[in-house]
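The sequence and model are shown first.

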Amino acid sequence: MKVRKDFFIRKKNEIGVSLNEVQRSAVLQTEGPLLLLASPGSGKTTTIIMRIGYLIEEKGIDPSRIKAVTFSKASANDMKERFKRFFPHLPPVDFSTIHSFAFEVVRDHFRKTGVSYQIIEGDLKEQEAGDFKDSPLHKKIILRNIFKSIVGENITDDQLDELTTYISFIKNKMIPLNKWEQVKVDVPEAEKIFREYEAFKKSGYHKLLLDYDDMLANAEHVLEINEEILQSYQDRYDYVLTDESQDTSLVQHAIIEKLVRKHQNLCVVADDDQSIYSWRGAEPSYLLNFKQVYPNANILFMEQNYRSTKDIVDVANQFIKQNKNRYNKNMFTQNSSHHPIEIKSFPNYLNQAKYLVEEIRKADNLAEVAVLYRNNSSSIALMNEFERAGIPFYMKDADNRFFSHWVVDDILNFMRMTFTDKRTDILEKIHLKFNGYISKKQMEKLKEIHNNESVFDNLLKFVPLQDYQVKLLTESKETFQEMKGMPPLHAIRVIRERLGYEKSIEKMCERLGFRKEYLLGILNTLEEIAIGLETMEEFASRLKYLESVLKNARFKKGQNVVTFSTFHSSKGLEFERVYMIDLIDGIIPTSDDLKNGAAGEGAMEEAVRLFYVGMTRAKKHLELISYKERDGKMVQESPFVLQVRKIINPEYEIMIQEDTTSSKTKRAIKVGKTTIPYNPNAIRDQKDITSGMDIKHRVFGHGVIIKSDGEMIEVRFASGVKNLALKTCLEMGLLEQV
């Protein structure tokens, strides 16, 4: 034991690293399978690196005999750098992603069998400008062409994303062909397109075409059927470590199983509570069944959080315990309390970004501030507000697709028609999307006319129309003329309502399976960008400028800037101050998360894990932010926020009650023995209070209205009961004056 003790003392003196008892056990337990369950902020990377160093320095293992596999390239690079810092005198260890290891196996196999192959995935733009200049063979191009040939429409970027996720999911889950139809997907003819795609890659070309998922599937297959290659890799490594294993798919687990079959010296580092990628094939249940695969495995729980304050750790630990399918861990910290988790609810969605700007501009160190959200679409409104306020930001998942989305193009084309209605090319792009009901045949006839007159006049004079179209096209012409010089916000609303664009979108959603809420969200965001702008030219310029701002945002990593990130991409990061926004029912959890049945329960548990990941990014200050109204509609606070309220103040008991008169589920809050329907719109009018009637147990905003005597209102907050003046309640947003 003296040698082992000296190792830890030496490392503490050399690099200042001191491990706790569980971490030391993980370092010392080198033989056989080990599952190391690491809670957020528990020092897992430090423990892994110390374990590798111990194998080399104390057990004399050759570094080349150790294989460390992680999920992402960033994690692999982080481990390499950490290892260099901790053990600068040691030769490098083989750190890699599972994909790069799979590629190595596949390359060896194809080299020996004489098969030519080509990788058809990667950065499409780079390849079009370079590697793929002479070859159009790229996964996205192939899928676009197959979709067009089968469906007869151009695939949208959103549909392409869903289609590639569907294909990746099936391959990572190792789902057999006869069960593909059981996988839910909203893309039309997805299964048929997938079959065509697989056939295309294997025929008609002198090379076998492979995407990234094919590398995994092929590597697993090669290790299964080729004993020689399998043995060569098994003999190469004596110790294997896998990090972020909660993100590992079934096919990836199968590869690792084969690799360690001889010696079983496998250390799996994971946190089942942070498994948030089931939609792309991650298999969290594999961790729960670890001992079925490795019966002799030991399981260690790294539960001490070094990152966050006691206020955050205690609440997050209780929050995650609502999930059933998990190891019974108890995250704790020896850090002191600092500041209770804050919960804020604003009257309107627009108040959210303005509040964030005012709060964050006070921060001394912007690099220690993060704004987290469920959907990437939330970032556009944030970016617009922060750019106007002059607050710099880094966007971890900068995605320019918003500005190239067909809905954005449509709105700009509608606006172009207000400058001139003589351009047939512009009308052709939107003729199916407003209430003129111009058919493709009528459009073709119109394109034959070249007299430089109004397209509407030409339609009315020279193109055969249905009787009902005459009035509609006349009205459309007048509407476009009225819009000339109109402020962009007003113009967008006219396009949506009077010209019928919103109804057109609804019909497209029914026909093509688009998500209506997502498309309407784009329109709503465009309206937010248009606020305060005077002309449509300014609006178009603003969009172009914001697109350039977004492109540049991805290059500001490491600077003194605020971080914008989705919950998913924030995993592994930490910040002094974290603001979780858009916390409303329907965004987190989504309506799909709430569906009944086994699949629904799994989705709901993943939504809980996602919220937990967001909470545990914060070191000292965490705010949960929601609002009561968005885009003219009342919205409900996320039930997850309600659960946090209950944890902070056990007096609040969240109850789910079934409404027997409908199929909808209604939420309620229980205060003492009284159950109160959760109704953010319970008090809308000042008259409700000043009428002299007692208002008992009304819920609004941060508190529960206990009673009112007309001037003073008794409100129960998480922090206790307070008497507030009517004016104060109105200012705080507890009541709305109509």
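Leu622 counts as buried because its relative accessibility is 1%; buried means under 20% relative accessible area, exposed over 50% and partly exposed in between, with a 1.4 Å probe and protein chains only. The model is predicted, so local features need pLDDT of at least 70 and side-chain atom pairs count only at pLDDT 80 or more, while totals for chains, interfaces and linings use all residues. Residues are numbered from 1 along each chain as its sequence is written, and side-chain values use heavy atoms, with hydrogens and water left out.

Leu622 belongs to strand E14. Not counting residues up to four places away in sequence, Leu622 touches Ile312, Ile341, Glu342, Val578, Met580 and Met615, contact being heavy atoms within 4.5 Å. Met580 and Leu622 are 42 residues apart in sequence, with C-alpha atoms 7.7 Å apart in space.

## The sheet

Six strands form an open sheet in the order E9-E14-E13-E10-E12-E11, with parallel pairing. Helices (H or I, at least four residues) and strands (E, at least two) are DSSP runs numbered from the N terminus, and two strands pair if DSSP finds at least two bridges between them. Strands E9 (342–346) and E11 (393–395) are the edges, each pairing on one side only. From one strand to the next, the twist averages 20°; axes are lines fitted to C-alpha atoms, for helices over the stretch in contact, and angles run from 0 to 180 degrees between N-to-C directions.

E9 and E14 (residues 618–627) run parallel and are joined by 5 bridges. Ile343 stands opposite Leu624 in E14.

Helix H16 (residues 349–360) packs on the sheet, where H16 touches E9, E10 (369–373), E12 (562–566), E13 (575–580) and E14. The direction of H16 makes about 155° with that of E14.
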